Amino acid sequence: MSFEMQKARREGMRWHLLNALDKARPLGAMDTLLLDVMLAIYPDVTPNEVHVQLEYLEQRKMVEISKQPTGHWHAKLDRLGIDCVEYTIDCQAGIARPEKYWK
C-alpha cells in the first residue's frame with residue numbers, strides 16, 4: 001500500500017471513529033464495537049490499528065479513553081471531538097472530515 005493510501009486510511013479511520021463515538025453519546029463505546037464499525041469500512045483493520053488511531057485522537061484531546069484491566073478500551077468524545085463532528089470548529093490536519101456542503 002502506498003504512503004498516500006496509508007495516510008488516507010489513517011485519516012479516514014479517525015473521522016469514522018469520531019462519527020461512531022458521536023452516535024454512541026453520551027455513553028461512549030467499547031473498542032470491540034468500534035472495531036466492528038471499522039471492519040465494515042476497512043475489512044482488514046486490526047484491533048491494534050483501532051487502538052493506535054484512538055490514541056491519536058486522545059492526544060488531540062478529542063477522545064477520552066478508559067483502559068480496562070481486561071485489555072479492552074472504552075472511549076467517548078471529548079469537547080473538541082464533539083465540536084469537530086458537529087462542524088462548529090475547524091478540523092485540523094490529520095482527520096479526513098468531509099467539507100461542509102450545507103449552510
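Visitor: Let's begin with P26. Where does P26 lie?
Guide: P26 lies in the loop between α1 and β1 (29-30). Helices (H or I, at least four residues) and strands (E, at least two) are DSSP runs, numbered from the N terminus. The peptide bond from R25 to P26 is cis, with omega near 5°.

Visitor: Where do these numbers come from?
Guide: This is a predicted model, where local features need pLDDT of at least 70, side-chain atom pairs count only at pLDDT 80 or more, and totals for chains, interfaces and linings use all residues. Residues are numbered from 1 along each chain as its sequence is written, and side-chain values use heavy atoms, with hydrogens and water left out.

Visitor: OK, the overall fold. How many helices and strands are there?
Guide: The protein has four helices and three strands. Along the sequence, the pattern reads α-β-α-α-β-β-α. The radius of gyration of the protein is 13 Å, close to the 13 Å that the globule rule gives for 103 residues, so the protein is as compact as a globular protein of that length. That radius is taken over C-alpha atoms, and the rule is 2.2 Å times the number of residues to the power 0.38.

Visitor: What share of the residues is buried?
Guide: Of the 103 residues, 41% count as buried. Buried means under 20% relative accessible area, exposed over 50%, partly exposed in between (1.4 Å probe, protein chains only).

Visitor: Switching to α3. How many residues does it have?
Guide: Helix α3 (residues 47-59) has 13 residues. It reaches 18 Å from its first C-alpha to its last, close to the 18 Å expected at 1.5 Å a residue. The expected span is 1.5 Å times one less than the number of residues.

Visitor: Which residues of α3 are buried?
Guide: They are E49, V50, H51, Q53, L54 and L57.

Visitor: And what do those pack against?
Guide: The buried residues of α3 pack against α1 (3-23), α2 (31-41), β2 (63-67) and β3 (73-77). Contact means heavy atoms within 4.5 Å.

Visitor: What comes just after α3?
Guide: K61, with a positive phi of about 65°. K61 is in the loop between α3 and β2.

Visitor: Is K61 buried or exposed?
Guide: K61 is exposed, with a relative accessible area of 53%.

Visitor: What about Y87? What is its phi?
Guide: Phi of Y87 is near 60°, a positive value in a residue other than glycine. Y87 sits in the segment after α4 (79-85). At 16% relative accessibility, Y87 counts as buried.
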